[in-house]
Amino acid sequence: MENVEIARVLSELADLLEIRGANPFRVRAYRNAVRTVRGLTRSLSTMVQEGEDLTDLPGIGKDMAGHIQELSTTGSLELLEEVCREVPRSLATLVKLEGVGPKKASKLWKELDVTNLDDLEAALQAGRVQELEGFGAKSAAKILRSIREVRQRQGRFLRYEAEQYLRPLLEYLRSTSGVERIEVAGSYRRGKETVGDADLLAQVDGGEEEQAAVIRHFTSFPGVDRVVMSGGTRASIMLGSGFGVDLRVLPARSYGAALHYFTGSKEHNVEIRKLALRKGLRVSEYGVFRVSEEGREGGEAAEGGPEAGERLGGEAEEEVFAAVDLPWIPPVLREARGEIEAAREGTLPRLVTREDIRGDLHMHSTWSDGKNSILEMAEACRDLGYEYMAITDHSEAVRVANGLTPERVRAQWKEIEEVREAVAGIHVLRGLEVDILRDGTLDLPDEVLEGLDIVLVAVHSSMGLEQAEMTRRVIRAIRHPAVDVLVHPTGRLLNRREPYAIDMDAVLESAAEAGVAVEMNANPHRLDLNDVHLLRARELGLRVSIATDSHRPAHLDFMEGGLLQAQRGWVEKERTLNALSLESLQEWLARPRNGR
Ligand code: DGT
Ligand code: CA
Ligand code: CA
């Protein structure tokens, strides 16, 4: 069992225990353990296998170590099953709603017999929730909105979670005899921020028997919760996390065609197929074929079956594109958003890659809500080979994050100076993530802002403003002459919080006018800006900072996922702020602007 799954089970258990009315200290112990597990970079299952003492980890006592061991060896937890005999397990899903915590969930259950989303929605609509103590009309409306949001995204997983669920499965399949090649196609390969299910393709050379053996092996993967369907050449399983995985086995001769077909998107495939038909060709998951006269009459699949006609290709994905006179198009671009025209005209973007990245311009330290010192963050960035980095702690107004007063900002500069001397080979920029106050002014006096090398601005409060007011607020902040980057511009948290009501078109246009860059925040829960906004930023010629917003060294690795999202938004090296050399970055930071 992967760490994410262990964390998920322990977190669910904490919710259920709290709903049952367990001792708060006990509940807190579970939540602390969840935090530790989420922050670990090593696999707990491996640690258990190697007989390591888990109680050495912060927040993990003897009982918790026992639970983790039980989970990683058996995949289940006796205590959870015991609790579920008393508390309906579906109550844990209510806790995920905005405006419902364990205490409220418990009340809904005990007083209204509500145990799941459907019950709750019905009770809200009947006006029964509003009458309960502690729930008003306003909170009822909020809960109802949250239920709708959950419904909309139901079943979609963050790509980052999907990656962790898939890792052990892919390892298992790679070591399966008969499997020559295995790839994940679908939205996962296109780098989408959320993934509905994973579409795996295995190349199996050999006959039906070999294929069936691979399918059997797949459906007996230890992490399988349920086999949804299983046939001769394909099967679908559901993992314990609720994540669905399809597998298809196919021969080498059609592997490339299938990879193209199942990578999608559907809209991209439709365009490619149309181009093919105009040339008298048929492109399908089986290959590229010349359409015979009978084939034309019989529509797409000729009477002789899907492989009828002269086979022109299918082994490599390139052959599908070559058949319609196009170069290979990277999967991240296959959304029917102009990539086919660009490929035809030879104007596909040269997408930014990890090798282009010279630094990370958004991270926190223990001065605000980060977990590590400036020195530790600097060493970690140096170890990644970066040329520069910016320490960007919060400003005063963000009290929950221990934001910095002007005095503490100046004190921090002394420490940055020391770190600059202590850590060779990397330049540490003096930055700050300055809060945009409700009226659009900035949370630090100009004298302090002037002493910073880089100024990030972001909204952290009053997120419920009307669209017009929120837009004015952010634009006012952008126009401040000290500002360099607008970070996590829409404030969304994937699967948790919708973007603020804000006119992003107007905001991006103002950023272009003011010469301010925008951030592609690489935190897997944010990925903010999204691909559509990034495409708009491209039209406006905006610079993009791909930054991790790290709160500990392990988060610096979010850069990879951030790059995928940036690529989906057609971001090239040339417009990437943190692909500039230190010298060019400093020139850009010193650019002329309003009143400065
Ligand atoms: P997801 O799973 O919702 O995140 O999105 P996808 O893109 O992975 O979609 P999925 O799993 O339904 O199908 C995988 C790919 O298979 C899809 O991107 C394109 C291809 N595909 C599936 N159904 C059709 C279809 O009816 N027509 C065409 N042209 N392609 C299809
Ligand atoms: Ca899929
Ligand atoms: Ca699928």
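This is a predicted model: local features need pLDDT of at least 70, side-chain atom pairs count only at pLDDT 80 or more; totals for chains, interfaces and linings use all residues.
Residues are numbered from 1 along each chain as its sequence is written, chains are lettered from A and ligands numbered from 1 in the order in which they are written, and side-chain values use heavy atoms, with hydrogens and water left out.

The buried residues of α4 are Met64, Ala65, His67, Ile68, Leu71 and Ser72. They cover an arc of only 160° around the axis, which puts them on the same side of α4; the arc is that of the directions from the helix axis to the C-beta atoms. Buried means under 20% relative accessible area, exposed over 50%, and partly exposed in between, with a 1.4 Å probe and protein chains only. The buried residues of α4 pack against α1 (3-20), α2 (24-39), α3 (44-49) and α5 (78-86), contact meaning heavy atoms within 4.5 Å. On the other side of α4, Lys62, Asp63, Thr73 and Thr74 are exposed. Gly75 follows α4 and has a positive phi, near 80°.

The calcium ion (ligand 2) is coordinated by Asp197 (O), Asp197 (OD) and Asp199 (OD), at 2.3 to 2.5 Å. Donors are N, O and S atoms within 2.8 Å of the metal (3.2 Å for Na, K and Ca), and water is not among the atoms, so sites may look incomplete. The 6 donor atoms around this calcium ion subtend angles of 70 to 167°, which makes the arrangement irregular. Asp197 also coordinates the calcium ion (ligand 3), which lies 3.8 Å from ligand 2. Asp197 is partly exposed, with a relative accessible area of 27%, whereas Asp199 is buried at 13%.

Arg526 lies in the loop between β16 (517-521) and α23 (531-539), strands being DSSP runs of E of at least two residues. Arg526 is buried, with a relative accessible area of 16%. Not counting residues up to four places away in sequence, Arg526 touches His488, Gly491, Arg492, Leu493, Leu494, Arg497, Asn521 and Asp549.

Methods. Four donors count as tetrahedral if all angles lie between 85 and 135 degrees; four count as square planar and six as octahedral if opposite donors are over 155 degrees apart and all others between 65 and 115; anything else is irregular. Helices (H or I, at least four residues) and strands (E, at least two) are DSSP runs, numbered from the N terminus.
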